[in-house]
Amino acid sequence: MTDAYIVGVDMIKFGRFPDRTVPQIGAQAALMALDDCGLTIHDMQALYSGNLGQASGMVGQRILQEIGQTGIPVVNVANACATGATAFREAWASVKAGLYDCVLAVGVEQMGKGLLGGSGGGTGIPKEGLLGSGTMPAVFAEAGMEHARKYGTTFEQFAKVSVKNHHHSTLNPKAMYQIETPLEEVMNAEMISYPNTKLMCSVNVDGSAAAVICSEAKAKELGLMKRAVKVRASVMASDPWQERDLVMPDVNSCTRRAAKEAYEMAGLGAQDINLIELHDCFATAEILHYENLGLCADGEAGRLIDEGEVALGGRIPVNVSGGLLSKGHPLGATGIANIYEVSTHLRGEAGQRQVEGARIGLTHVIGLGSACGIHILEKA
Amino acid sequence: MSTQPLPAVPFLKIPEDADPYLEGHRCDSCGATYLGERDVCSKCGARDQMSKVKLPNSGKLYSFSIVYRSFPGIEVPYVSAIVDLDDGTAIKGNLIGVEPDPAKIEFDMPVEVVFDDALGRKDREGNAYMAYFFQPKAG
């Protein structure tokens, strides 16, 4: 099988664009990714489009109406917060399988403000606040408190994740926010669902990101290897059965399963990774994933954040983009936006936030339900 | 309109001549227990091996969050709790009878399942509902 390379990749600056349509927002990133490698829509043999909010709305075809209706096949993908990563992976798989040698993946989302989740559906009466909470901040708080139960992780340690990621975002002009949030400010912010305060919840924003993927032969033929990024591993997993998973969505076991498989596929281990963009939808979640991705032994995640090992300049920088907490989390775009971030570091083009000497990076997303997507990327 | 309260969830059973209880379905093949009905076990894949079981009204607090922001009309704060019942079945609900303060809530604290009116919530037809809650065990 051929190796697959990212030859063009970009994202728009995340923000709120209520006056624009989902296809318009997606089209913008698609054109930016094409410009990044000097190709046009006429060079693309297929489009893989990820969007959650209009999952039945043929978003991919409507993006082509904005940038060129060439008649290529379009696959529309919805997979919760793993939507973008899933679209990217489908594009990757089509190249690996030899179906195509140059394809486009786009992730896009337009979000409202406010709480996601809840258990209000179905017949009868609303269950939210009657039989516990199904809101995302509460669900991820409960997952964090499970870690606290096992290892004594503190509110302060969870809050430090948010301090770190907000600091990182001050170096990223494409992040929604570029604002320092000191520890006291994070801990004293409005409590949403203990231990997650408002500053420990990801920001609902509009955004898009896109990538052009080529086979090795095509990338060489087009003279695009110089800035190409090799996809060393692309893995997805759903949640295997766990004893509490009916009442406590399990973000851990599917991440561990996908990570193990991704390291095997890439033929390397966590110690070989130079930077990571992981799914910090809530500050509590990031702590769990240090261990799930093998950055430290179980129970040591609190120490990692305390000692700055996961900050820019540390042993293994995590979410130098600002993460979902400050860069923002447009659900369908997130999985390609984090591929953009890691690729930018591997190309040595990340400016002030550049992870020096970065050669191999990992991206991780998780959609509740659950879907985990992991990619390991390497400078070609 | 029903004169008796309706169950807030299908796995809450309200017999006419006995106390309410929670009903699980247990796989005779591997022992996994589920809230609500199903035909196939998602742990082992066995088909048609499910038996109804009456779940215990006693358990321990596994994890929780104190919810301060919810949807409009929902009274906050409240404690959203994951409880492991004595037979190992995990269930989610509101923990009542305790201050919504992390210093007052202990992991593994023994709790009992109690049944009461569903916080006054009624459906469009005006039917009243019964829900389950967890409260710390006395002593």
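## Exercise 1: The build of chain A

Chain A contains 12 helices and 11 strands, where helices (H or I, at least four residues) and strands (E, at least two) are DSSP runs numbered from the N terminus. This is a predicted model, in which local features need pLDDT of at least 70, side-chain atom pairs count only at pLDDT 80 or more, and totals for chains, interfaces and linings use all residues. Residues are numbered from 1 along each chain as its sequence is written, while chains are lettered from A and ligands numbered from 1 in the order in which they are written.

**Task.** Explain why chain A counts as being as compact as a globular protein of its length.

**Solution.** 
- Start with the radius of gyration, taken over C-alpha atoms, and the globule rule, 2.2 Å times the number of residues to the power 0.38.
- The rule gives 21 Å for 380 residues, and chain A has 19 Å, which is close, so chain A is as compact as a globular protein of that length.
- Next, look at the extent: the C-alpha trace spans about 55 × 50 × 40 Å along its principal axes.
- Finally, 64% of the 380 residues in chain A are buried, meaning that 20 or more other C-beta atoms, placed from the backbone, lie within 10 Å of a residue's own.

## Exercise 2: A strand and its neighbours

**Task.** Find out how many residues of strand E7 (residues 207–215) of chain A are buried, and which strands pair with E7(A).

**Solution.** 
- Count the residues: nine of the nine in E7(A) are buried.
- Remember that side chains in a regular strand alternate between the two faces of the sheet.
- Both faces of E7(A) are covered, with Ala209(A) and Ile213(A) among the buried residues on one side and Ala210(A) and Val212(A) among those on the other.
- Strands pair if DSSP finds at least two bridges between them. Strand E1 (residues 4–11) of chain A pairs with E7(A) in the antiparallel sense over seven bridges, and Asp10(A) stands opposite Ala210(A).
- Strand E4 (residues 102–109) of chain A is also antiparallel to E7(A), over eight bridges; here Ala105(A) has Ala211(A) as its bridge partner.

## Exercise 3: Where the chains meet

**Task.** Work out how many residues each chain gives to the contact, and which strand of chain A pairs with E6(B).

**Solution.** 
- Chain B gives 36 residues and chain A gives 30, with contact meaning C-beta atoms, placed from the backbone, within 7 Å.
- Strand E5 (residues 191–194) of chain A pairs with E6(B) in the antiparallel sense over two bridges.
- Within this pairing, look for Ser193(A) opposite Val67(B).

Technical notes. Two residues are in contact if their C-beta atoms, placed from the backbone, lie within 7 Å. A residue is buried if 20 or more other C-beta atoms lie within 10 Å of its own, exposed if 12 or fewer, and partly exposed in between; C-beta atoms are placed from the backbone.
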